[in-house]
Amino acid sequence: MAKLKTIYLAIIFLFLYAPIGVLIAQSFNESRYRGNWTGFTLKWYESLFENEDILNALSNTISIGFFSALIATIFALITCLALREVGKKWRAMFMSAANVPILNADIVTGISLMLLFLGLGMKLGYGSILLAHVVFNVPYVMLCIMPQLIALDKSFYEAALDLGASPFKAFTSVVLPELRPSIFAGFLLAFTMSADDFIITYFTRGAGVDTLPTAIYSQLKLGIHPEMYALSTLVFFTILIFVILFAMNRKKI
Amino acid sequence: MKKIFAFTIFICCIILGGCTLVEKDDAKNILYVYNWGDYVDPETLKIFEEETGIHVVYDTYDTNESMYPRIKEGAIHYDVICPSDYMIQKMIANNLLQPLDFEKLPNAKKYIGEKFFEQSRAFDPDNKFSVPYCWGTVGIVYNTSLVKDEVDSWKILWDEKYRNEILMQDSARDALMVPLKIMGKSLNETDKEVLEKARDMLIEQKPLVQAYVVDEVKDKMISGEAAIAVVFSGEALMIMLENPDTDFVVPKEGTNFWIDSWVITRDAENVDNAHKFIDFMCRPDIAVTNFDYLGYSTPNIAVQELEEDEDYKNSPVAFPDPAVYENQETYIYLGEEMDRFYNRQWMRVKVE
Amino acid sequence: MFRSVGIRNLFLAPFCIWAGVFIFVPLIFIAWYGVTNADGNFSLENLEMIFQTEFFRSLEVSVILALVSTIVCLILAYPLCLILVERAKSAGLIITLLFVLPLWMNTLLSTMAWQTILEKNGILNQLLRFFSLPDFTLINTSAAVVIGMIYNYLPYMVLPLYVALSKIDLSVIEAAKDLGASTWKTFYKIILPLSLPGAISGVTMVFIPALTTFAISALLGGGKLLLIGNVIEQEFTFEYDWHLGSALSIVLMIFIVVNMIITLAFDNSHEETSD
């Protein structure tokens, strides 16, 4: 039975990592064209660091991902705290409303936000992408925080208040530590969603502001520049290292 | 609570900071260019910036149709764009372009071939709005090791033998053009019955087709995924250089002679810079650099002489015999309703 | 948790304003476009278009493919998560994280990679030829699209399911076994009901994006499959008919609302027991 389980894990593992293996292989392919292996090279890694467009897109992706996830997390936390205290029916209604941007087809969300920004007289650019990302990130974070917050035992918080702690102090020292895993998960999920979104970004971005996904999307049909594969390979290993470090630290705690 | 409040303000500052950061750009000497993906050599943009001190904000699109709403809605005020023939006509019709000042475009007057301006009249009747940048035909690229028949007609795309080896273009006009030409009709056909017949031919062909593609065609023909494909002539040159087993023909029934041209938008804020940019792109040395990078035929008459790479210079694909493009048609804008009709027919093919 | 309703409402206020501006106003835009025609007059003609062959068939295909991928994801994810929860005790978190890590790769790039694997002269076929096995060409079929969907959305099923399963008290399962329940019986009498909320949110997180995707079908379907997502994308970006595009999105929203109602129904029954 244990063997069977290991085989099952291995098959799914293979399924999940096969395309990543292909991407890594392509980053070392001499030919600019996909599926045409002409030899091993490192030149794409070199040209990656000279390619300002890709590096700009990378920094935009990271900063938009980070700030939109941060804002969304704070926003979602405040809202969830309030929603804990409203009735079940109201809570369900609020949650459904919050979920609309992620349940709608991306393209619809993207276009309607573009219309909204233009209607508000905003200039499309970095700011509008950030705002749009916050819009679809808030529900993801709320989905992560809400269940844990509901399961939270209120009596500890009340005990802290009875012992003379200020509400803020009681919140930061009792509630927040309890919520930390789900807040962290929400932040991470939001960052991921932001870094992978291309449709909403495509419609809400301004001239010359690209994120990695929009840069990839515009290259998709014309053949992806191999520098992108090189970058993905680097991103993959960076994340892998982070994940391993994270897992090891968790074990110690 | 105070901390949260302070933090919220901090965040707002960041957002506003982000907005103003983008707006600051406007004060500078700047030019917004919106072009097809991979349609100029990035090197030439750098040279332009160095020579003129104008900062180029460069953006790309993948189809005429995805570019159009962004211009129409005024999402961003681009100055220079490079649409295709029928789209230029549509934009002129919808008052989205402004006339060019050819006094500011000496290189365009001198180096762009007269016959390309003539051909442009199909969509820009007075040659007031556009300067040709690239042109080409649509034809068949085939893998000589897989296709032994003589290829000279679109009909080969209906040959049972090549089941699952055929790549067609994935756009309404380019797809319907093929059966229309086989029937001997115009590629600007507006007779609905004829169009429905063309559609039925495509439906009949669908089981033979491996995929409907846009630019992926290059990848697929180079790696030998398919034997026959409908491609634009510029792509054909790239494919033939990478995969020597391929050849290109313009079918005898006729084809589409397309032109992509530089235009300036009505809402352009940097009109002077836009003229400088267009004229710069017409300069022979820049035109050669771009031609080497793109492989698309250029209307610039100085290029063939200046070209050093023999593969390019002697390529009948890039510099075809004038007979090839004589009497070929160019797409014209057929109006909203007809556009929609074309698209509906194409959708029917795709859902079958 | 708040001293007064006032303070609670103060916390709720930003969200209400936010939802009003960024959720409802855009929805109203879409609704307005959906029920008007190009002249700006009220009309239902765009909504009725869904019953025309082109649109109805693409909706049908989309629903089928989305359902198939959701079911396959669910079937794959349950044993996977059960094994992962079991192993997490000994092997730690890392093995679980490895199964979610592909989520961080760019969707478009990894879907492109599937193209390289599945195509006619792709990696899969080269492997098969190496072992002298017959070719197996999947590219440009609905099967390839389903594989792409499963690949991209499996982590969304694994995540909530894993969380739900890891919360189940192991002693409950052991108790059941001690009382003589078979593995199967333990599964559907104990594990299944306790992990149902996780499974439901997993289903939502897979079904909805699978229903609305257009990139995956464009890359792996070879343009031969027209999903409703592709149609909407086309209406908005190629054909510039926002009225029809909006009307089709409204039709799509019906599915989403149905999904939401089901989720809420489960949520309520679940919360009543836990409160």
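Author: Helices and strands are DSSP runs, a helix having at least four residues and a strand at least two, numbered from the N terminus. The model discussed here is predicted.

Reader: How many helices and strands does the secondary structure of chain C come to?

Author: Chain C has 12 helices and 0 strands. Read from the N terminus, its elements run α-α-α-α-α-α-α-α-α-α-α-α.

Reader: And what are the elements of chain A?

Author: Chain A has 11 helices and 0 strands. From the N terminus they run α-α-α-α-α-α-α-α-α-α-α.

Reader: What do the chains span along their principal axes?

Author: The C-alpha trace of chain A spans about 70 × 60 × 30 Å. For chain C the spans are about 75 × 70 × 30 Å.

Reader: What percentage of the residues of each chain count as buried?

Author: A residue counts as buried if 20 or more other C-beta atoms lie within 10 Å of its own. In chain A, 50% of the 253 residues count as buried. In chain C, the figure is 48% of 275 residues.

Reader: How should I read contacts between residues that are apart in sequence?

Author: Take the contacts between residues at least 6 apart in chain A: 78% of them join residues at least 24 apart. In chain C, residues 24 or more positions apart account for 71% of the contacts with a separation of 6 or more.

Reader: Now the chains together. How many residues does the contact take from chain C and from chain A?

Author: The contact takes 57 residues from chain C and 60 residues from chain A. On the chain C side, 13 residues come from helix 1, which is the largest share. Other elements of chain C that each supply at least two residues include helix 3 (53-91), helix 9 (183-212) and helix 12 (242-274). By class, this side of chain C divides into 43 nonpolar, 9 polar and 5 charged residues.

Reader: Which classes of residue make up the side of chain C that touches chain B?

Author: That contact takes 15 residues from chain C and 20 residues from chain B. Two or more residues each come from helix 3 and helix 11 of chain C, and helix 3 gives the most, with 3 residues. The classes on this side of chain C are 3 nonpolar, 6 polar and 6 charged.

Reader: How do I describe two helices that pack together?

Author: Two packed helices are described by the angle between their axes and the distance between the axes. Helix 5 (residues 106-119) of chain A packs with helix 1 of chain C at an angle of about 105°, with the axes 9 Å apart. Angles of 65 to 115 degrees count as roughly perpendicular, and helix 5 of chain A and helix 1 of chain C are therefore roughly perpendicular to each other.

Reader: Which residues make the contact between helix 5 of chain A and helix 1 of chain C?

Author: From helix 5 of chain A come A:Val108, A:Ser112, A:Leu113, A:Leu115 and A:Leu116. Helix 1 of chain C supplies C:Val25, C:Pro26, C:Phe29 and C:Ile30. The residues of this contact divide into 8 nonpolar, 1 polar and no charged.

Reader: What is the mean pLDDT of chain B, and where is the pLDDT below 50?

Author: The mean pLDDT of chain B is 87, with 92% of its residues at 70 or more. Over residues 1-5 of chain B the value is below 50, and this stretch has 1 contact in the model beyond near neighbours in sequence. Residues 15-26 of chain B also stay under 50. For residues 15-26 of chain B, the model has 15 contacts beyond four places in sequence.

Definitions and conventions
Residues numbered from 1 in each chain as written. Chains lettered and ligands numbered in written order. Predicted model: local features only at pLDDT ≥ 70, side-chain atom pairs only at ≥ 80, totals over all residues. Buried ≥ 20, exposed ≤ 12 C-beta atoms within 10 Å, placed from the backbone. Contact = placed C-beta atoms within 7 Å. Nonpolar A, V, L, I, M, F, W, Y, C, P; charged D, E, K, R; others polar. pLDDT = per-residue confidence, 0-100. Axes fitted to C-alpha atoms, helices over the stretch in contact; angles between N-to-C directions. Parallel < 35°, antiparallel > 145°, perpendicular 65-115°, else oblique.
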